[in-house]
Amino acid sequence: MIRVVSYNVHSCVGSDGRFDPHRIVAVLEDLDGDIVALQEVEDRICDGKTVTEFLAARLSMLAHRGATLQRGDAAYGNLLLSRRPPKSLETLDISVAGPEPRGAIDATFDLGGDRLRLVATHLGLRSNERRRQARLLLDRLRTTDADVLMMAGDINEWRPGGYSLRLLSEFFDTRSRSRTFPAATPFLGLDRIFVSPASAVRRMHAVKTANTRRASDHLPLVCELDIG
């Protein structure tokens, strides 16, 4: 079994407004993911390390950065953590002129002869922006020959019938349906995990605990996969 986690960490700023990467680490340690897709990672300093270095060291995972902009001295954007090195990895610029820059991390993992391809991303706030970004990412994935194909991240689509969500749902066999935002009382499914084939999925769910309600404004998603 492979466990994939997707989590918007809100710059490690919790519901109390405090910057505290230790709370994010505590959540991720409990979730015990093999591959972790994080959004809104801001590389401020924590215990003498950048947040990326801090998370990777505490979780004993490899870090693959996909920063999309600079906030002062700190890089900000996506981060992929994994227990094993990817067979291939590429960072993608999916920005649309005008709004905040956006990106994705496209990684393929060899899992004992089976290949898992995961795109970790954070789509834009505007509907036309998300539409273009979803199309761009799907165009890359249409020719894949991976055994399991996934997309994970903050899709930012709050409408159940939103175009980008429908587009992705038509391409992938199954998707998470949990509500993840705001963490204290979630009523929007902004965060999503999409998977093909559906037969690879054992379970997908959001994790709502006292820790996850405090650590970020989003709840984490977990997808358990049976590979092979």
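**Figure 1. One cavity in the predicted model.** The count comes to 1 cavity of 30 Å³ or more. The structure shown is a predicted model. The largest cavity has a volume of about 60 Å³. Its lining is made up of E40, T68, Y76, G77, N78, E100, P101, R102, G103 and H122. By type, the lining residues divide into 2 nonpolar, 5 polar and 3 charged. Strand β6 gives the most to this lining, with 3 residues. Rolling a probe the size of a water molecule over the atoms shows where empty space is left.

**Figure 2. Strands β9 and β10, side by side.** H122, one of the residues lining the largest cavity, has D154 of β10 as its bridge partner. Strand β9 covers residues 114-122, and β10 covers residues 148-154. The two strands run parallel and are joined by 7 bridges. A120 stands opposite A152 in β10. Of the 7 residues of β10, 7 are buried, so this strand is largely enclosed by the rest of the structure. In a regular strand the side chains alternate between the two faces of the sheet.

**Figure 3. The open sheet that holds β9 and β10.** The sheet has 6 strands in the order β7-β8-β9-β10-β12-β11. Its pairing is mixed. The edge strands are β7 (88-93) and β11 (174-175). Each of these edge strands pairs on one side only.

**Figure 4. The largest nonpolar core.** This core holds 24 residues. Y7, I24, L28, L38, L55 and L81 touch the most other members. Two or more residues come from each of β1 (2-8), α1 (21-31), β2 (35-42), α2 (51-59) and β6 (74-82). A second, separate core has 23 residues, including A37, A152, A200 and L225.

**Figure 5. Y7 and its surroundings.** Y7 is found in strand β1. Its relative accessible area is 0%, so Y7 counts as buried. Leaving out residues up to four places away in sequence, Y7 touches I24, V27, L28, A37, L38, Q39, T212, A215, S216, H218, L219 and P220. A37, one of these contacts, is a member of the second core. Y7 and V41 lie 34 residues apart in sequence and 10.0 Å apart in space, C-alpha to C-alpha.

**Figure 6. I24 and its contacts.** I24 is among the residues that touch the most other members of the largest core. Beyond its neighbours within four places in sequence, I24 is in contact with Y7, V9, C12, L55, A215 and S216. Y7 also touches A215 and S216.

**Figure 7. Two cis peptide bonds.** P182 sits in the loop between β11 and β12 (191-196). Another cis bond joins S196 and P197, with omega about -5°. P197 sits in the loop between β12 and β13 (201-206).

Figure 8. D32 has a phi near 55°, a positive value in a residue other than glycine. D32 belongs to the loop between α1 and β2. At 40% relative accessibility, D32 counts as partly exposed. S60 is likewise not glycine, and its phi is near 55°. S60 belongs to the loop between α2 and β5 (62-71). With a relative accessible area of 60%, S60 is exposed.

Terms used: Residues numbered from 1 in each chain as written. Predicted model: local features only at pLDDT ≥ 70, side-chain atom pairs only at ≥ 80, totals over all residues. Heavy atoms only, no water. Core = buried A, V, L, I, M, F, W, Y, C linked by side-chain atoms within 4.5 Å. Buried < 20%, exposed > 50% of the residue type's maximum accessible area, 1.4 Å probe, protein only. Helix = DSSP H or I, 4+ residues; strand = E, 2+ residues; numbered from the N terminus. Contact = heavy atoms within 4.5 Å. 1 Å grid on protein atoms, 1.4 Å probe; cavity = no way out; pocket = protein on both sides within 12 Å on 5 of 7 lines; lining within 4 Å. Points joined across faces, edges and corners; volume = space filled by probe spheres on them. Nonpolar A, V, L, I, M, F, W, Y, C, P; charged D, E, K, R; others polar. Pairing = 2+ DSSP bridges.
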